[in-house]
Each structure stands twice: as structure tokens, then as C-alpha cells.
Amino acid sequence: MREIDVSEVSKAVSELFLEANYRIGPDVMDRLYAAREAEPSPLGRKVLGQIIENNEIGAAESLCVCQDTGISVVFLTVGQEVHFTGGSLEEAVNAGVRKAYTEGYLRKSIVAEPLFDRKNTGDNTPCVQHARIVPGDKVHLMAIAKGFGSENMSRLAMLTPAEGVEGVKRFVLLTVELAGPNPCPPLVVGVGVGGSFELAALMAKRATSLPLTRSHKDPRYAKLEKELEEGINRLGIGPAGYGGLTTALKVHIVSAPTHIAGLPVAVNICCHVARHAERTL
Amino acid sequence: MAKKVTLPLDLATLRSLRAGDEVLLSGSVITGRDAAHKRLLALVEEGKPLPVELDSQVIYYVGPAPARPGAAAGPAGPTSSYRMDPYTPALMKHGLMGMIGKGRIGPLTLEAMKAHPAVYFGAVGGSAVLISKSIRKVELVAYPELGPEAIYRFDIEDFPAVVAVDAQGRSLFEEGPKLYRQTGV
């Protein structure tokens, strides 16, 4: 049994959200640099240049690159040999979010209740937490700051097995087409295939946080990821939706076993401001 | 080469703008997003005075992040414009002449833009730091309790934008993608 004081988790969560909001990862930056070279639209190249310059200043001056510093989502992968001490783990994660957002000049975007009062909680808590218990004595934290311009354009469908690969392709392309300029293209498109209704959505969210250099380990899915990326880029939406050939920086699929009767597919759209940071304790 | 445009707008300038024009906006804009729009519309419907003058004004759809000490403004990029569609035509009746935001706007807003007239400027979503460098001064106008959703007045200088939809109803979001589209869904 390994003991971890929850204050360690708070500290890590706080640092991860600051890092995610100030610094866009080198994998995303590399794709943006490459897209600026390849994009045929002059206005599209300008938009990409503006995004690149923005991200460079954000990193240099420790400023959040987008004012929508997102809903805070934390994936906790917890080794079953770990015993947390010093208080509530859930509250400790929220304390980390609170510290980052109140001290790091990040926007507070969470309302306590969604339908009637919509009163801002003032510290971006509560965050969304997903925990999974695994063998071992380590704790892995993935912090995602998810902007809602792109979250709002995400969709889920319960397809039939007969719809198959073509059905998945159609649904993903249609989702990006319907979103058009709204989710701040170029996008990182997270796709969850299989599982149950809620697992498909969860996999799609996880997919948005994978390194852009990664492909699915099953070559059939890796090929589908590439085909979807090319299909999306043929839609012509372009940077900021002004027209062009850079609409998706990457499509990631995460898949899981599913029921004989179903083919769930979830598409979680993420803007070019793909903000996430991770750490193992 | 970007056109220099001074805000608030005059009719001649408004009519000279064409979808796709790159512009640098200078002058004064008011800000507002979901919660502030809801309150403004309620006042309009009750026939009560508004806390902000809309005549000839341009509204920037933004909820800024906090400014660091010494900075005039925090990161302040555009939010999605379509969410303000239920409110915008009513505000145009009060003289609103333009909006700055990102993404599509709806058919009723497009119709109202032709009638009044008004222009819609697109700013690049996610370029909040770069845009904040063009904000010289931030002044609170109304609804401080809404935090980032309060109404502010920004003094801006060379704020980078494009004409996304002009007063003739032409839309960069329709015309731009058509030039590069190689496939349907």
C-alpha cells in the first residue's frame, strides 16, 4: 500500500491546468506550422499565422491562449495499491482547479445550476471527474480544459451494426459539416466507437487529449482515422471557417467492445486550442 | 492590405465593406454575450431604458479572461455568434450596426442585417492573447455581477478582423468554403 496525501493531487491538478491553458503542446504547434505551409488559401494562411503567433505569446507571457479556459475535466487513473490520505480526493481535485483558475488569471465559466439561475460559481468548480481503478501504485492525472464553442458542436449517434464503417464515416463528416465555422477550426476530432451510450462519449473526450502523433494501434482503425481526416479536409471549411483545406489537424478514434445490437459513435469536437496536460504521481 | 475602419460605424463606411475584406478596427465597441443579451432583451420587451446606448454601436461577443496586473485587458477572443441570434434582431431595432464574433449567424439575423443595415465582423476564435494586445482600455458598463459576462466598453486600436457578412448579405462562411470544397458528405 502506497500513501499519497491528497494535497499532492491538488498541487498537481493546479499546475496541470495552468500549463494546459498557457502552453499549447508541441504536437499541436507542429501541425499548425505544417498547415501554414500547406494551406492554399491566403486568408487561411493568415488565420493560421495569427493562431501560431497567439500561442507563442501565450507561452512566453504565461497568458491563457483562449479566453474560454473551458470546463475543467480530469481523468484520474488510480492504482489499486494507493491509499489517499488527508481528506477527500474529489474535493482535492476541485481545490486544484480552484487554485489554478483564481490565481492564474483564467476565466471562471461554470454556472452552479444549468437551467434556472445559471449563477457563476466564481472559481470554475466543480470540475468533471472520471476515475478508473487499475493495478499498481501509481496515479495518473489528465487535465483537460475544454472550450465550449467546440463542445457545443459535438454529437452522438446509436448506429446499427449494418451501418458499419460507412455509417461511422458519414456521421463524423456530417457532424463536422454541421459545425462548419463554429467550433474554431482547424479541429482535433475525437471519435468514440463502441461501448455503451456514455462510454462512447467518454472515449471521444479521451480521444481529444491524445498526442497528435499517435494513431490507433489496430491498422484498420488507423486507416479510418486517416480517411476521416482527409474527408474532413475535403469539406473546404478551412481555418476559422473562411475556406481552405485545413479543417482537421487530426482525427483520433478510441474503440471498445460493444453489444451485438449496436454501434455507438460519439464525436467530441475540439478546437485548435487543444489544451491538456498530464502527470503521473 | 487590411482596411482601417473606425468605430462606431457610419452608414457610408458600413455600405463600403464587402465580405472577405480584411479590416483593422479602431475606436470603441461594447461587449456582451449570452447572459447580458438575455437581460437587454427583457428590458426591450418591457419597454424600459437600456443600460447602454446601442445606436451606431458595434457589439463584440466576448467574455474576457482576467487581466494580469499592468495589462489593459485580459485575453479576449470572440465567442460563437449564433447563440446571440435570438436577441440580435431586436437590438438592431435599437440602432446596433454591427457585431464581432466567430462562426455562423442565423437566417433571422441575416435578414435583420439587410434591413437595418448592419455588418458582421469575424475574429479568429482562440487568438485571445493577440486580440487583447489591440485593446487599449476596458470600462465596465453594466451587470458587474455577471463577471466575464458583464457589459464592458473596449477602446481598441487595429483590432484584426475580416468582414464575415456584409450589409448586402454576402457571407464569407458561404463563399470561402465553396472555393475549396472537394466533396460532399
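**Reading a predicted model**

Guide: Helix H1 (residues 6–22) of chain A lies across S2, strand S5 (139–146) and S10 of chain A, at about 40° to S5(A). Please bear in mind throughout that the model is predicted.

Visitor: What is the order of the strands in the open sheet of chain A, and what is the pairing?

Guide: In general, the strands of a sheet pair through backbone hydrogen bonds, either parallel or antiparallel. Here the open sheet has four strands in the order S4-S2-S5-S10 (chain A), and the pairing is mixed. Strand S4 (128–134) and strand S10 (275–280) of chain A stand at the edges with a single partner strand each, so one side of each has no neighbour in the sheet. On average, neighbouring strands are turned by 10° against each other, direction ignored.

Visitor: How many bridges join S2 to S4 in chain A?

Guide: Seven bridges join strand S2 (residues 71–79) of chain A to S4(A), and the two run parallel. Within S4(A), A:Ile133 is the residue that A:Val78 stands opposite.

Visitor: Let us turn to helices. Which residues of helix H6 of chain B are buried?

Guide: An α-helix has 3.6 residues a turn, so residues three or four places apart point the same way. In helix H6 (residues 172–180) of chain B, the buried residues are B:Leu172, B:Phe173, B:Gly176, B:Pro177 and B:Tyr180. Seen down the axis of H6(B), they fall within an arc of 105°, so they line one face of the helix. Their cover includes strand S5 (119–122) and S7 of chain B.

Visitor: What should the residues of helix H2 of chain B span?

Guide: The 13 residues of helix H2 (residues 34–46) of chain B should span 18 Å at 1.5 Å a residue, and the end C-alpha atoms are 19 Å apart, which agrees. The buried residues of H2(B) are B:Ala35, B:Ala36, B:His37 and B:Leu40. Among the elements covering them are helix H3 (88–93) and strand S7 (151–165) of chain B. After H2(B) comes B:Gly47, with a positive phi near 70°.

Visitor: How many residues does each chain bring to the contact between chain A and chain B?

Guide: Chain A brings 44 residues and chain B brings 39 residues. On the side of chain A that touches chain B, helix H3 (42–61) and helix H6 (164–179) of chain A each supply at least two residues. H3(A) gives the most, with seven residues. By class, this side of chain A has 20 nonpolar, 17 polar and seven charged residues.

Technical notes:
Residues are numbered from 1 along each chain as its sequence is written. Chains are lettered from A and ligands numbered from 1 in the order in which they are written. This is a predicted model: local features need pLDDT of at least 70, side-chain atom pairs count only at pLDDT 80 or more; totals for chains, interfaces and linings use all residues. Two residues are in contact if their C-beta atoms, placed from the backbone, lie within 7 Å. Ala, Val, Leu, Ile, Met, Phe, Trp, Tyr, Cys and Pro count as nonpolar, Asp, Glu, Lys and Arg as charged, and the others, Gly among them, as polar. The expected span of a helix is 1.5 Å times one less than its number of residues. A residue is buried if 20 or more other C-beta atoms lie within 10 Å of its own, exposed if 12 or fewer, and partly exposed in between; C-beta atoms are placed from the backbone. The arc is that of the directions from the helix axis to the C-beta atoms. Two strands pair if DSSP finds at least two bridges between them. Axes are lines fitted to C-alpha atoms, for helices over the stretch in contact, and angles run from 0 to 180 degrees between N-to-C directions.
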